Each structure stands twice: as C-alpha cells, then as structure tokens.
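Work through the exercises below with the structure open. Try each task before you read its solution.

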Amino acid sequence: MDPVPALEEPLKKVLGPATAKVMAEHLGLHTVGDLLHHYPRRYEERGQLTHLADLPMDEHVTVVAQVADARLHTFASAKAPRGKGQRLEVTITDGSGRLQLVFFGAGVHKPHKELLPGTRALFAGKVSVFNRRLQLAHPAYELLRGDGAAETVESWAGALIPIYPATAKLESWKIGKALQTVLPSAQEAVDPLPASLRDGRGLVPLPEALLKIHRPHTKADIEDARARLKWDEAFVLQVALARRRHADAQLPAVARRPRPDGLLAAFDDRLPFTLTEGQQKVSAEIFDDLATEHPMHRLLQGEVGSGKTMVALRAMLAVVDAGGQAAMLAPTEVLAQQHHRSVTEMMGELAEGGMLGGAENATKVVLLTGSMGAAARRQALLDLATGEAGIVIGTHALIEDKVQFHDLGLVVVDEQHRFGVEQRDALRGKGKQPPHLLVMTATPIPRTVAMTVFGDLETSVLDQLPAGRSPIASHVVPAADKPHFLTRAWERVREEVANGHQAYVVCPRIGDEEDDPKKAARKKPAPSGDEAEKRPPLAVLDVADQLAKGPLKGLRVEVLHGRMQPDDKDAVMRRFAAGETDVLVATTVIEVGVNVPNATAMVIMDADRFGVSQLHQLRGRVGRGSAPGLCLLVTEMPEASAARQRLKAVASTLDGFELSRIDLEQRREGDVLGQAQSGTRSSLRMLAVIDDEEIIAEAREEAAAVVAADPELERLPALRTALDALLDEEREQYLEKG
C-alpha cells in the first residue's frame, strides 16, 4: 500500500480523536491539509490590544486584553438560599473600551485566583448584552504570562498572535497549538501555480506562504503570504470556470434567428410603450448569442422591476419564430402562475394559438406545475410533445421524465435558482441539441462576484427602471426604542388603504410549526441565560390575527405563505390583485415576481432577520404603479447593533448594486461559493471578492490563456490536483448550478 501523502493524513491520527472530532464537526476540517488552509482571521500584537469598542453582538470572539478590576459577589438564589451563590465580575480593558466578564457558581474559583488586576490574557466567548452592557459569560481564557511560561511563548512564537476562526468548543489558541503540530507538513504542499506565473508576479512558493501565514515574524510576512494565497484561490477557481466555458463552447446548438414578419415583430407592434435603451441593448446581445451555433450561456441581471421578464419573453418569441420551443423555469408555483398570467396578458391574442380569436401567427403558452389536475397536465404535456405550445412556463415539474418537447431551443431560469448539474443535463437532454440558456436574477451582483460565481456565463445588466415606475421611500422603525413609531406605521397603512391602495406586511415565519409533529418532536428545551431573552421571529398567522383585531381592525386582511395549498395561494393572490383584499400578511413567498401595481405600502416585521438583498427584493413589490411606494423596516435591535446599520443602509439607497456590495462586505463571501451556511468550508478563505477585484480579473485572463493552451491541464498535474480538491462533488455541482 502506498503511504498517505502528508497533507491527506486524517487529523485523528495526528491530533487524537477528541480534537479531530470537534474540528470535523464544527469547522469542517478533516485532514492535515484542511487545517493548514484554516487561516488566521487576524493577528494581535503582544504590545497592542484589540478594539473592545467594536465587538459584534451574538458572535464568538477572541480578544487580547488586560484585567482592570475583579469583584466576587455572593447572593441568595434558589440553589443557594443562604446567600452562598457566587458571581465573579471581571472588567477587562484595551484602551479603546471596557468589557465585562461574568463567571457563576463553581466556575468562579479558578478565574478568581488567576484573573488579578494587571493580568493579560486571551479571552474567548460569545458577546451578549446584560443591563445594556456588553459582556462575555463564562469565557474561556489563556493567560499570556510573558517569557516565564515556555509553552505559551512557544505556541505564540513571534510578536504576532494569530486569531483563528474558532467555535465555543475549540478556542483560537487550541487551534494554534494544533497547527504547531502539523506545520512541518507544509513543506510537502504541492504548488498549483505554474512556475512562470509565480515568478512573473513575484509570489512566494506555497510552503513558504503557509509557514508565514501561521507563524509570521513581521507584518511583511503576512502580506507575502496573503498575496500568494489569494492568487491560489482566484486562479484555481478561474481555471475551473474557464474549463467549463471551454467545454460549453465545443457543444453544438441550433442557431435561432427571428423572422422579420414573425411573432416577435407582431408582439413589438402591439407594445403600448417603447423599450428602454437598456432593454434594447441587452436584447441585441441575446439575439446575437441565439444566432450562433454554440449554446448561449448568459446571466441577465437587473433591478427589481427593470423589465427582465420583457427581455426574456422577446428572446422566447424569437426562438418560437425560428421553429423552436422555449421553457421558463420558476422557483415557486406562485411565481410560475404569476409569470404565466403576465406573459399571456402581454401577448394577448398572440398567445392563443389554435384557439378561436387567436392571431394567425399565434403560439400556445402553457403552464406546467406539480399541483395541476390530471386532465390539464395531460393536455399541457401533449401540447409540448406535438410542438403546439411554443412557450411553457413551470416549476421543477418541467424537468420530469414524462415531459417531452418537440424541439426545445431556449431555457430561461428565473431567479438564478441554483439548479444542479443533473437538472441542467436533464433539460439539455430534452433538446435534440443543447438548448440556449438564459439565467435571470433580480439580486444585483457586483461585477467581480458575477465573475467569481457565474464565471461561465456572459453577463448582461439592466440598470434603468422603465418609465412610469414610482420612487420608494424607506424608513427604519425602531419598535423597542420608539414604540409610537410602530403605532404611526399602522396609521400610515390605514391612510394608504383609505386612498384606495393596498399594503403588504411581511413576517419571517409562518407560525403553525407547533402543528407539525416532526417539528414538535424536535423542539429544544427552554433556552437558558441570555438566549431566553431572544424571542422567536414574528409569525404571519399571529401578526395577521393581532392586526385584524387591533390596529388594522375593519380592513380586509388575508394571509399568504408557502405551506398553503396551491389553489388557495392562487385564490389569495387573485383577490389581492383584484383589489378585494386591503392588506396581505405574508412570508417571503411574495419576494419575487409578484406584481400588484396598486400595492403602495410594505411593513417588514423583524426586518433585521432578513438579508440586505432580500429586503431590497421585497421592497421592489411596492411602487410598481404611478403612486409612490413606502417601505417600513420594523426592528427591535438596539441603535448600535450591526443589524440596525444594515437596515439604515437599505433605507438610504434604492441602488441594488450598491446594496449588494454592502451586503457582501458585511457577510463576507462565505456564502458566495459553496454552501458555507450548511457547514461546508467556503472555497474562499483568503480572497475578498469586493476588495480583490483586480486579482480576480487578472486571474481570469491567466486562467483563460492556460486553458486555451492546455484544456486538459496535462502539462500541469499539480494544478489538476488543486482543481480536484477545490471541486469536491458538492462544489462541482455548485459551479454547475450557475
């Protein structure tokens, strides 16, 4: 048997099973190589202290600070009725601010002896608020004793102390000690960068970069290491995308050109408005792609309401003109039904192919969703197989085996709904040759993010709003600090309704989870300490009930959420669209595609529970007619919190591209590539997509040149290995889902 390469050695062999288990479960680290690529988040200098003033709420932090004061209090409690309960309060300082540490019960004895005023230490814990002051409850700590304690000094060699992304189960300094054990293996790291690229850009070799990132002696060491490791990430990723582009360019496709007197021309003639300059430019790019004999792969991104659906519909009509069929894939049934309604309305008699009153060059537009009745579904499948239907709009039901197309020419995916390699292949397989692909998103993506995530797609951007769209005013409503602001918010909703308009109220949760036996079984025990202070997110069913009985009494209030039956959802949306409902209390099912021009106000409850892009998407549901829109972001978070800053940013601008930059700067790009939220390691550990635009653009050029010269990377085995490591199965699919 061949020996296992040093970097592939499992951590449980090197560090012992207990530590390895925590690293695997909480940090996604399984091998020596994984641990070597777990880079410090930042560095503390021995002579300096971190900024206690800037600590984020609810996050696990590591700080270096000095004990200013320590007091032991005794008190009576249920467990110690005779006043024998003990609480140790330690105040630490760093010059920028002070922070309180608290220890209770049996946990006070050791810190009481060790944390004397003047002592310096690393402290790690979760930041919470008690009595309006920041605190760490029962933090772990490691004393920095100076040269006296050989072990501590050895594990923090040099004046720079690396602070690692850590968890409550494994503090930063323990990760540092584990790295001390595996660092010698860095010498065996295989360098993925071609030597010419490395030398041409003056980058240090990979083993040296790993050594310098974990054990820097100077700040210049850190800079050298970061410059090198950023290039690794950007280049390997861009090679993966360049190879996808190269492979796609080899595939054949049928060129689809519209007829001069066909369906598209007839549709354009009946439009009651002229297309914006942006719509005309993007349409021209799409038509150029459709006219080639390789499959189009284009990302169309545009502001909420910028008219993407119109551009997509014109592309679909061009394909129908050229004898093909077009399929539009929507993420939810509500959205598929909405698209079907708006497309048939826009097309009028051009959508009535084969029916009485249909225009002579009309086609048929069918809807296909999982919940349709058997007869309607049979008819839709027949229309697709015979070619009677030129356009089909549906959900994932379109991908099922039973669905056969006469000649599929174009697939439009709405809301970049990440649909995987099997699904893309399943749809591709439904065409005689691979169909053209247009991916749409209303979440504006900064250019470099698009290059990093959707690098295998050409990008078109719609950034002007069509004429007739109204401005939206957005305000933060601090419900805890100023309850009268919330009262005023409900008054504003009543005023809008009195003026003949309608409103949305959005909540993060449905609220009938208790009825779900599976969820009830999983219910956790009551939280302790400060977790108990955090209430669950507000729910649609509760809020609708409270509003109907209280501040919105007398108005027609209805609810809409994802667990309702499809027919019920559709009926609620139809009543709202027809103006028969005043206020719709909903979850984020209304986030995309719902178009009710008469809805002018939106109140988002617990707005801090939503991401920046999601808030921007939701807000785009109002101001779709001639009356101005109003969006109120209700939150109970304190003024100084990061959540409030985020909401202020959303209220201050309607520019989605600006907001997506803010969003990314705040969230970092854990979730840009790979599902970081599900515990998989992010592919980007060092690269900051927004800050490193230049590196990404240069890496893209270098990667394109490398792949053009050697598509299989036969002359670069180390790069192939790095590519396989980057594209484990999950990420390979993630890239495929562009």
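**Exercise 1. Leaving aside neighbours within four places in sequence, which residues is Arg314 in contact with? Is Arg314 buried or exposed?**

Solution. The model is a predicted one.

Step 1. List the contacts. Beyond four places in sequence, Arg314 touches Leu264, Phe267, Asp268, Leu275, Ser283 and Phe287.

Step 2. Look for a polar partner. The side chains of Arg314 and Ser283 make a polar contact at 3.0 Å.

Step 3. Arg314 sits in helix H12, which spans residues 308–321.

Step 4. Judge the burial. The relative accessible area of Arg314 is 9%. Buried means under 20%, so Arg314 is buried.

**Exercise 2. Find the sheet of seven strands and give its strand order. Then say what H12 lies across.**

Solution. 

Step 1. Trace the order. The open sheet runs E11-E12-E10-E13-E14-E9-E15, and its pairing is parallel.

Step 2. Find the edges. Strand E11 (364–368) and strand E15 (458–462) are the edge strands, and each pairs on one side only.

Step 3. Zoom in on one pair. Strand E9 (residues 297–302) pairs with E15 in the parallel sense, over five bridges. Gln301 stands opposite Val461 in E15.

Step 4. H12 lies across E9, strand E10 (325–329), strand E12 (389–394), strand E13 (408–413), strand E14 (436–441) and E15. H12 runs at about 170 degrees to E13. Arg314 belongs to this helix.

**Exercise 3. Find the sheet of six strands and give its strand order. Why is one side of each edge strand left without a neighbour in the sheet?**

Solution. 

Step 1. Trace the order. This open sheet reads E16-E21-E20-E17-E19-E18, with parallel pairing.

Step 2. Explain the edges. Strand E16 (472–478) and strand E18 (557–560) each have a single partner strand, so one side of each has no neighbour in the sheet.

Step 3. Neighbouring strands here are turned by 20 degrees against each other on average, direction ignored.

Step 4. Zoom in on one pair. Strand E17 (residues 502–506) and strand E19 (residues 583–586) run parallel, joined by four bridges. Tyr504 stands opposite Leu584 in E19.

Key
Residues are numbered from 1 along each chain as its sequence is written. This is a predicted model: local features need pLDDT of at least 70, side-chain atom pairs count only at pLDDT 80 or more; totals for chains, interfaces and linings use all residues. Side-chain values use heavy atoms; hydrogens and water are left out. Helices (H or I, at least four residues) and strands (E, at least two) are DSSP runs, numbered from the N terminus. Buried means under 20% relative accessible area, exposed over 50%, partly exposed in between (1.4 Å probe, protein chains only). A polar contact is a pair of N or O atoms within 3.5 Å; within protein, one must be able to donate a hydrogen and the other to accept it, and residues adjacent in sequence count only if both atoms are side-chain atoms. Contact means heavy atoms within 4.5 Å. Two strands pair if DSSP finds at least two bridges between them. Axes are lines fitted to C-alpha atoms, for helices over the stretch in contact, and angles run from 0 to 180 degrees between N-to-C directions.
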